[in-house]
Amino acid sequence: MHEIHYEAPTSLEQAVGILAKHGDSARPICGGTDLLIQMRAGVRRPHYVVDVKHIAALTGIAFDPKSGLRLGAAAPCIEIFENATLRRHYPGLVEAAHLIGSLQIQSRASVGGNLCNGSPAADTTPALIALGAVARLVGPKGERQVKVEEFVVSPGRTVIQPGELLVELLIPPPPPHSADAYIRFIPRNEMDIAVVGIGAAITLEGDRCTAARIGMGAVAPTPLFAAKASQALVGKKFDAVAIENAAQLAIEQASPIDDMRGTAEFRRHLVGVLTRRTLERAAERARRN
Amino acid sequence: MATVIIPALLRQFTGGAERVMASGRNLRQVIESLERSFPGISRHLLDDGELKGSLVVSIDGEVETAGIQAKVGENSEIYFLPAIGGGVV
Amino acid sequence: MAKRTLVETVINNEPVELLCEPRQSLLEVLRDELHMTGTKEGCLTGDCGACTILVDGRPVCSCLMLGVEAQGHKLETIEGLATGAELHPLQRKFLEHASLQCGICTPGFLMSAKALLDKIPRPTEAEVRYHLAGNLCRCTGYDKIVRAVLDAARESG
Amino acid sequence: MAVKKEAHHKYRVVGTRPIRPDGIEKVTGRALYGADYYFPGMLFGKILRSPYAHARIKSIKFDKALKLPGVRAIVTADDLPEADRKPQQMGEQQVSPYYLSCNVLARGKVLYDGHPVAAVAATSPHIAEEALRLIEVDYEPLEPVMTADEAMKPGAPILIDDLRNQEEGPDQPTNVATHLQFKRGDLAAGFDAADCVIEREFRTATVHQGYIEPHASVGIWNPDGHATVYTCTQGSFTVRTLATKVLGMPEGNLKVVPSEIGGGFGGKTTIYCEPIALLLAKKTGHPVKVTMSRSEVLRATGPTSGIHERVKIGVTKEGRITAAQVWMAYEAGAFPGSPMAPGAMTVITSYDIPNLLIDGYDVVVNRPKTCAYRAPGATAAAFGVETVLDELAEQIGIDPLDLRIMNGAHEGTQQPFGPVFKRIGFIETCEALKASEHYNSKLTGANRGRGVAAGFWFNAGFQSSASVYVNQDGTASVVTGSVDIGGSRASMAMIAAEVLGLPIDEVRPVVADTDSIGYTDVTAGSRVTFATGMAVYNAAQDVVRQLKERAAKMWECTPDDVEFDNGVLRTRGDVLQPQQLTLKELAARFIRTGGPVVGRASVSTGGAGAGPAFAAICVDVEVDPDTGKVQILRVTIAQDVGTAIHPSYVEGQLQGGTAQGIGWALNEEYVYDSKGVLRNTGLLDYRMPTCLDLPAIETILVEVPNPTHPLGVRGVGEVSIVPPPAAIANAIYRATGVRMRELPMSPPRLMKALQEHRNSREGQAAAGR
């Protein structure tokens, strides 16, 4: 690996200062479970590595029934799935956080890092999209908020500008009678990268669906919000017909590629299968809320 | 006389014959006798006067390790086989 | 020689001060600087678990953590699993059940298994298999490893 | 701890389950593996590898790299002597030193993605890596040839300009290194006599052994020309032979010290890092450690061949196999030497068939040079034959195990390539599986199916040496040259303890370096417990002979008047008045009775046929009809293991091979892009089974003693990998109605097959209406 400088700021101001000073040659590190691999492979060669795990604002997890969840960008996955409140209110996000690599990876990796890595196959991103999560960025010019579905612009690239830092993810409180779910397909039972991953959050009033959001991973150059498929469910009776219709619209929106993890044809097929399965799992949970 | 079973791809030398007779008290003499009857064949069995490293010889069902000095009986059956290795934990 | 940084950490309950380059992984620091070679390298991508150690009690791939990130943390490695002359129950059960063949994955499995039993003293077979899924073994087919962990839990539990 | 004694055994130590003597080092992290050695002033070596599958090297410039602070030396093929092209016997394999040298460091041409081109030694691994980025190599890319089918086409690009074969003649450049053929009886007549003939075509992917320890070596070069290499290898003597040939140095000048080895499965039976570490050590005057990363292991060590296979088998309606024809092309990788020959020699050898034709081709392609992998060649070959047998059994309506039993090879059956089987346990193995609780249990539930298959592996013999030293306190040490890869130290100690009548913990096994024990071939071919075990047995008997002589001297009788039983020497009561001495008592008197007692033995047990082993397996699967994902629900393997010396480690071999076979069947494969560059260079996408992918693996040890071994030992290490892929394909068919004929049977592939199957059924239904 090339030579690097390591900085471990303890405040947001310091962090932004360092990042702003070094621009493109600096990169934040949370769990490092993607960055170290990319640096060894020479894919990314930042000269300044900025450890943001010592900044309180990035490591907190705070849930308020009215305002929802503030999820620190650097909070490790293990603290998400070991958090009883999150397991109750955001089971889909917890599912996703519990699927990233092995337990060893989950001890280090964070949802924020998963998002900033910009992979189309990131497990937690479709779950965040389903929940309507918003990313809060702080930079030299102040702060801004970006919808998660607009955060990744191309494989490995995000909206983050030089000097900017993802601080936290803002997730609305789950409405009554709602629930989320995340299901991915992998060839083995653990460890693999999603061949396709689908996140869904729905609200059911009796047998009617009053709100729905579907996020899709590994089906396009960036994680997607399946807008048409989601809208098609809203205001309708939530039944097999509606689910199948949503699945077909999701397939239409997907534009997957052939790679070592699966063919485009197989991925399109999986979008249908997983959209059905994820909606059914979310609905089953929603009926209990 | 010993019976020699000729490997399929050397049967071009024996006019297609699979089993041929050859005389000799050890493998070297048997191969010499084969060469007399089927000129050119020994080139595919020997290498600098030694049995080709790619070959293993089986005499009467036993895999031989004595090379061309291996004893051959009056009615022995002799096979030339490819050597094999293996891979394991 | 590139600039080296001072790191203060605790390894197997011993305070340790060391110098390392920022680009060195914790795995490299343990092996190349401290010559603690019990922690093994299998892949350098977090996919095999051979380099598993515990950081503040949590299992971590030491190949995916910088040495400088160990500052102020408590590390546990295979070298600290036995207490004095006394083997840890997991070590004993791995021997009794013939759970290792080549043995290269064994330190990583033992550390992951310790993290599991520290958290869930009496796990089910399914829980054992789930918690060890980040550790690859190519020799045993896992059967005797899973039995050893369940037996260790039974004995201490 | 509990040591369970196998009741039926006539032995005292053999058949028990003691703790392995090297166990504590391995559970405490103290055992030293290939990468665990450190020496004062040691440098770190890294290797520059080709990004092209097939290219000519026009120039290599490394002056910039040499200027990087910390860089001490750079080597290329120009630093190696041009090696002899003529193939030579080296250890167990036939190798052309020239090809071997070209694989260690490319000469003129690169033949696969990852082919070594140059190597750097520097004061830190990071500096060495950065230096690699500064080496400028000018390549002229050539068209890659990735499969045997492409390589055998007329006019295909030629990989090796001077490669020729017997059939095409001396003037015809070719990619086909060898054609092998076995022939018996009258094939046409055989198929005419059949009531049912099935012919099918199969393909299997390149797969890797997947040992968890990457290759690592430390080279040390003394000014007097003597050198030492510490390395993780399955064969220290093989490394000595191969490395000295490539380096052009006298064999006696190199000492090879085998480290503990983190898995090999055949993949560590040749050289990669060793000559490079030595070359860099020679050039720098420092010890140099060369370690591979995982991606280097996958790109540039020796996986096993993908093959293309055609199988045609005929049976009578009673289930008698009348004829079989098999055609196979093996991808050797960049240089000749696939496991085609053992593939052809095992493919249908489990069965007694009157009319046969087997053709095998060894074909070079732009993939890494293949190396041995557990039962080399046999698993891919068996995939075709064992699935066709399943189809035939279904067609004529008999139990698939009965079909195998009815036609099974037995004592006296002649193998397709000549030798006649002695006592073997194929039929007993199939019968044991047929009688198992698993096979007789009911499998219920949708999308579930059960499949069976069988497999054969010769087991190698080769050469081994052993010494047994008796210490003055009556304990003993056993020294061999066989690297302990899966617990063989335990078996060696147990065999010596059995003969000497000592408790197992009073016998210390030692694995010695190449200067400290007689020549011993690789730990491979399931040969160690068989051949090295035989050497240990003979060396221990040599000790017993000397003990009798000592006692005879003391008792003034002849050695023949002395009996040795269970550690006690006695005079024959019938001859003279009773005297007795324990081994311990006698050992204490060694000094006064003629000095130390040292037992020695060496054995040469030949190539093929040293204790053939057979396995049969039963697998239950569940297929997800929406995704094509296969879950293994239950698996039981029965194997003819001869005499199990340490049953726990024998079970471990069966379980490990089964797990590798399952990975081979379901998800493992090399994925290359259109330019021949490997895409899945890590363990994330080269998908080996995790413990969440496998159930408990049930084993049935069928003990049919091997008549060619004093203790009845058979090799047990390899054959268990052979049957799983076919058994799983057969189970998938029972679950879904789809016959899979390509490995791996990964979700995308199986899903496609399921959809085609459904469409064709709908098509038929529509036509029926």
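Trainee: Before we start, what should I know about the numbering and the model?
Mentor: Residues are numbered from 1 along each chain as its sequence is written, while chains are lettered from A and ligands numbered from 1 in the order in which they are written. Since this is a predicted model, local features need pLDDT of at least 70 and side-chain atom pairs count only at pLDDT 80 or more, whereas totals for chains, interfaces and linings use all residues.

Trainee: OK, how many residues of chain C are in contact with chain D?
Mentor: Chain C brings 43 residues into contact with 44 residues of chain D, where two residues are in contact if their C-beta atoms, placed from the backbone, lie within 7 Å.

Trainee: And which helix of chain C gives the most to that side?
Mentor: That is α2(C), with four residues; helices here are DSSP runs of H or I with at least four residues, strands are runs of E with at least two, and both are numbered from the N terminus.

Trainee: How do the residues on the chain C side divide by class?
Mentor: They divide into 22 nonpolar, 11 polar and 10 charged, with Ala, Val, Leu, Ile, Met, Phe, Trp, Tyr, Cys and Pro counted as nonpolar, Asp, Glu, Lys and Arg as charged, and the others, Gly among them, as polar.

Trainee: What about chain D against chain A?
Mentor: That contact takes 20 residues from chain D and 18 residues from chain A, and the chain D side divides into six nonpolar, six polar and eight charged residues.

Trainee: Switching to helices, at what angle do α3(D) and α7(D) pack?
Mentor: Helix α3 (residues 97-104) and helix α7 (residues 236-247) of chain D pack at about 85°, with their axes 9 Å apart; axes are lines fitted to C-alpha atoms, for helices over the stretch in contact, and angles run from 0 to 180 degrees between N-to-C directions. That makes α3(D) roughly perpendicular to α7(D), the word used for 65 to 115 degrees, while angles under 35 count as roughly parallel, over 145 as roughly antiparallel and the rest as oblique.

Trainee: Which residues meet there?
Mentor: On α3(D) they are D:P97, D:L100, D:S101 and D:V104, and they meet D:L242, D:K245 and D:V246 of α7(D).

Trainee: And how do α12(D) and α13(D) cross?
Mentor: The axes of helix α12 (residues 400-407) and helix α13 (residues 426-434) of chain D come within 9 Å and cross at roughly 160°, which makes α12(D) roughly antiparallel to α13(D). The contact is made by D:L401, D:R404 and D:I405 of α12(D), together with D:I427, D:C430, D:E431, D:L433 and D:K434 of α13(D).

Trainee: Now strands: how many residues of β12(A) are buried?
Mentor: Nine of the 10 residues of strand β12 (residues 196-205) of chain A are buried, so called because 20 or more other C-beta atoms lie within 10 Å of their own, with exposed meaning 12 or fewer, partly exposed in between, and C-beta atoms placed from the backbone.

Trainee: Which strands pair with it?
Mentor: Strand β11 (residues 178-185) of chain A pairs with β12(A) in the antiparallel sense over eight bridges, and β13 (residues 208-217) of chain A pairs with β12(A), also antiparallel, over nine bridges; two strands pair if DSSP finds at least two bridges between them.

Trainee: Where does A:I198 find its bridge partner?
Mentor: In β13(A), where the partner of A:I198 is A:M216.
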